[in-house]
Amino acid sequence: MATLHRLGEPGVERLEAQLRNFVKGMPIALVLPCHISEIGTPALRGILRELEEVDYLKQVVVGIDGATPGEWRKARQFFSKSRHKPVLLWNDGPRMKRLIRKLAAADLDPGQRGKGRNMWLCYGYVLAAGQAKVIAAHDCDILTYGRELLARLCYPVANDSLGFDFCKGYTARFTHKLNGRVMRLMFTPLVRSLESIIGTHPFLIYMDTFRYPLSGEICVDLDVVRRTRMPSDWGVEVGMLAEVFRVTSPKAICQVELADRFDHKHQELSPRDANKGLNKMAIDIARCIFRTVAAEGIRMDSGLFDTLLSAYLRKAEDTIRFYHADAEINGLAFDRHQEELA
């Protein structure tokens with residue numbers, strides 16, 4: 001697939017000027033999956049400030065999870081001053097609950113509450129509204145958000161002449177230390193261990209090609225959205241990549257570097273509770289990978305899993321050594337003991 005790098009001084013004004021022209025034929029909807037705990041945070045306030053300067057979006061849809069009636073009123077007030085007048089979906093409200101029950105009764109159950117279901121509901125609204133041909137989506141906890149990030153994310157798909165139907169954003173993740181533990185310590189060693197056992201399967205090669213497959217920043221053509229199925233849990237990013245692999249050509253897929261660095265809210269590892277934090281995220285991601293590999297016709301039996309565990313631990317140990325070197329040369333903190341525990 002194509003990798004679009006961030007070289008020199010990209011110039012957000014130039015990108016936005018071109019996007020204003022592109023959206024005449026490819027109008028863009030921005031989807032923001034949001035938990036009620038993110039309302040009013042410095043990250044979301046910063047995102048809304050940057051979006052005030054963006055004038056090429058046709059529609060903004062915000063899905064809000066976990067809100068009580070009082071919190072829902074606060075969320076409406078929080079977004080009321082935005083120039084984009086976003087559509088807010090109260091995913092735990094009475095009307096949405098009735099809709100979800102109706103879908104479940106028709107064997108279209110969108111699953112348990114989670115980021116994936118939130119996005120699925122938002123995408124459904126965009127499809128039903130019929131105002132956009134492109135959907136961009138990103139998380140609401142980005143501390144280093146700038147409007148260049150959104151412009152670079154939208155550009156490859158909105159520019160119809162480039163021929164891309166799906167774009168995945170990636171960015172270096174660090175502060176005073178390396179971030180992205182699930183990606184570094186779990187996802188990459190797991191995928192490469194599967195490759196060492198199964199061989200060069202196209203899906204595994206595809207997944208390993210992404211610089212940051214777990215990022216929440218994507219842009220996708222609406223026709224692709226119509227043909228994809230999404231996990232309801234934290235496996236949504238991997239599940240979306242798997243679905244894109246299934247329904248479109250690698251030539252129509254790209255990844256784009258969005259900014260010089262990226263920082264966001266960091267979750268606890270939660271080693272003793274598999275229903276919280278990075279522990280739950282890792283479980284959901286692994287489940288999604290195994291399900292997709294099995295759907296590709298590969299037998300996932302106990303012998304393979306026993307071998308995979310040993311191969312993963314060896315790959316993860318090598319990965320820790322590599323990232324330790326990366327941290328050393330860049331003068332970043334690196335707690336090797338905590339990395340090994342994770």
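Student: Is Asp-223 buried, partly exposed or exposed, and why?

Tutor: Before the answer, keep in mind that this is a predicted model. The idea is to look at relative accessible area: under 20% is buried, over 50% is exposed, and partly exposed is in between. Asp-223 has 43% relative accessibility, so it counts as partly exposed.

Student: What does Asp-223 form a salt bridge with?

Tutor: To read a salt bridge, look for a side-chain nitrogen of Lys or Arg within 4 Å of a carboxyl oxygen of Asp or Glu. Here the partner of Asp-223 is Arg-226, and their closest N and O atoms are 2.7 Å apart. Both residues sit in helix 9 (residues 222-226), three residues apart, or about one turn of the helix. Arg-226 counts as exposed, because its relative accessibility is 52%.

Student: How many salt bridges are there by that rule?

Tutor: The count comes to 18. Another one to look up is Lys-280 with Asp-284, where the closest N and O atoms are 3.2 Å apart. These two are separated by about one helical turn, because they are four residues apart in helix 11 (residues 277-295).

Student: Are Lys-280 and Asp-284 buried, partly exposed or exposed?

Tutor: Take them one at a time. Lys-280 has a relative accessible area of 27%, so it is partly exposed. Asp-284 has 3%, so it is buried.

Student: Which residues are linked in a network of salt bridges?

Tutor: Glu-13, Glu-16 and Arg-147 are linked that way.

Student: What about charges on the surface: which residues gather in a patch of positive charge?

Tutor: For a patch, you look for like charges within 9 Å, on residues with over 30% relative accessible area and no salt bridge. Arg-95, Lys-97, Arg-98 and Arg-101 gather in one such positive patch on the surface. Take Arg-98, which is placed in helix 4 (residues 94-105). Arg-98 has a relative accessible area of 49%, so it is partly exposed.

Student: Let's step back to the whole chain. How many helices and strands are there?

Tutor: The protein chain has 13 helices and eight strands. Its C-alpha atoms fill a box of roughly 55 × 50 × 40 Å along the principal axes.

Student: And how does the radius of gyration agree with that of a compact globule?

Tutor: The idea is to compare the chain with a compact globule of 342 residues, which would have a radius of gyration near 20 Å. The protein chain has 20 Å, so the two agree. As for burial, buried residues make up 54% of the 342 residues.

Key. Residues are numbered from 1 along each chain as its sequence is written. This is a predicted model: local features need pLDDT of at least 70, side-chain atom pairs count only at pLDDT 80 or more; totals for chains, interfaces and linings use all residues. Side-chain values use heavy atoms; hydrogens and water are left out. Patches are made of residues with over 30% relative accessible area and no salt bridge: like charges are joined within 9 Å, nonpolar side chains (Val, Leu, Ile, Met, Phe, Trp, Tyr) within 5 Å. Accessible areas come from the Shrake-Rupley method with a 1.4 Å probe; for residues, only the protein chains shown count as cover. Lys and Arg count as positive and Asp and Glu as negative; His and the chain ends are not counted. The place of a charge is taken as NZ of Lys, CZ of Arg, CG of Asp or CD of Glu. Buried means under 20% relative accessible area, exposed over 50%, partly exposed in between (1.4 Å probe, protein chains only). The radius of gyration is taken over C-alpha atoms; the globule rule is 2.2 Å times the number of residues to the power 0.38.
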